[in-house]
Amino acid sequence: MKTVEEIRRLNLLALRQRFSLSAMNAALGLNARDSTLSQICNQAQSSHASKPKTMGSDLARRLEKDLGLNVGQLDADPDAWPFPNIDR
């Protein structure tokens with residue numbers, strides 16, 4: 001089972017098919033060259049911890065709001081089958 005951080009990263013990668021990183025940064029009111037989203041996509045090591053940089057709930061909700069997505073959309077596993085009683 002994937003963690004919410006893994007799911008958010010996968011959904012962020014999918015959003016890159018629709019929006020450039022600079023467009024997402026602009027929607028968030030960040031500098032177009034801000035590297036936060038890129039570091040999350042690339043699983044860059046955090047400067048203060050020995051684990052990859054992840055997207056927290058605050059950033060996820062803000063990105064959803066600023067891009068016109070549904071609340072919680074970045075937390076939805078794109079590979080999950082929504083019908084547990086029905087085989088694929």
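Mentor: Let us begin with one residue. Asp-75 is partly exposed, because its relative accessible area is 25%, and the class of partly exposed lies between buried, under 20%, and exposed, over 50% (1.4 Å probe, protein chains only). The model is predicted, so local features need pLDDT of at least 70, side-chain atom pairs count only at pLDDT 80 or more, and totals for chains, interfaces and linings use all residues. Residues are numbered from 1 along each chain as its sequence is written, and side-chain values use heavy atoms, with hydrogens and water left out.

Trainee: What makes the pair of Asp-75 and Arg-61 a salt bridge?

Mentor: The closest N and O atoms of Asp-75 and Arg-61 are 3.0 Å apart. A salt bridge requires a side-chain nitrogen of Lys or Arg within 4 Å of a carboxyl oxygen of Asp or Glu, so the pair qualifies. This pair links distant parts of the chain, 14 residues apart: Asp-75 is in the segment after H4, and Arg-61 is in helix H4.

Trainee: Which other salt bridge does Arg-61 form, and with which residue?

Mentor: Arg-61 also meets Glu-64, with a distance of 2.7 Å from N to O. Both residues lie in helix H4, 3 residues apart, which is about one turn of the helix. Arg-8, Arg-61, Glu-64 and Asp-75 are linked in a network of salt bridges, and a search of the whole structure finds 5 salt bridges.

Trainee: Why are Arg-61 and Glu-64 placed in their accessibility classes?

Mentor: Arg-61 has a relative accessible area of 28% and is therefore partly exposed. Glu-64, at 1% relative accessibility, counts as buried.

Trainee: What does Glu-64 touch, leaving aside residues up to four places away in sequence?

Mentor: Glu-64 touches Leu-69, Asn-70, Val-71, Gly-72, Gln-73, Leu-74 and Asp-75. Contact here means heavy atoms within 4.5 Å.

Trainee: Which pair joins the segment after H4 to the segment before H1?

Mentor: Asp-77 forms a salt bridge with Lys-2, and their closest N and O atoms are 2.9 Å apart. Asp-77 lies in the segment after H4 and Lys-2 in the segment before H1, so the pair ties together parts that are 75 residues apart in sequence. Asp-77 is partly exposed at 25% relative accessibility, and Lys-2 is partly exposed at 28%.

Trainee: How do you know that the span of H1 agrees with its number of residues?

Mentor: The expected span is 1.5 Å times one less than the number of residues. For the 12 residues of helix H1 (residues 4–15) this should be 16 Å, and the end C-alpha atoms are 16 Å apart, which agrees.

Trainee: Which residues of H4 are buried, and where do they lie around the axis?

Mentor: In H4, Leu-59, Ala-60, Leu-63, Glu-64 and Leu-67 are buried. They cover an arc of only 135° around the axis, which puts them on the same side of H4. The arc is that of the directions from the helix axis to the C-beta atoms. The face turned away from this buried side carries the exposed residues Asp-58 and Lys-65, while the cover over the buried residues of H4 includes H1, H2 and H3.

Trainee: What makes a group of residues a nonpolar core?

Mentor: The term denotes a set of buried Ala, Val, Leu, Ile, Met, Phe, Trp, Tyr and Cys residues joined through side-chain atoms within 4.5 Å. The largest such core has 15 residues, of which Leu-12, Leu-15, Met-24, Leu-37, Met-55 and Leu-63 touch the most other members. H1, H2, H3 and H4 are the elements that give two or more residues to this core, and H4 gives the most, with 4 residues.

Trainee: What share of the protein is buried?

Mentor: Buried residues make up 24% of the 88 residues in the protein.
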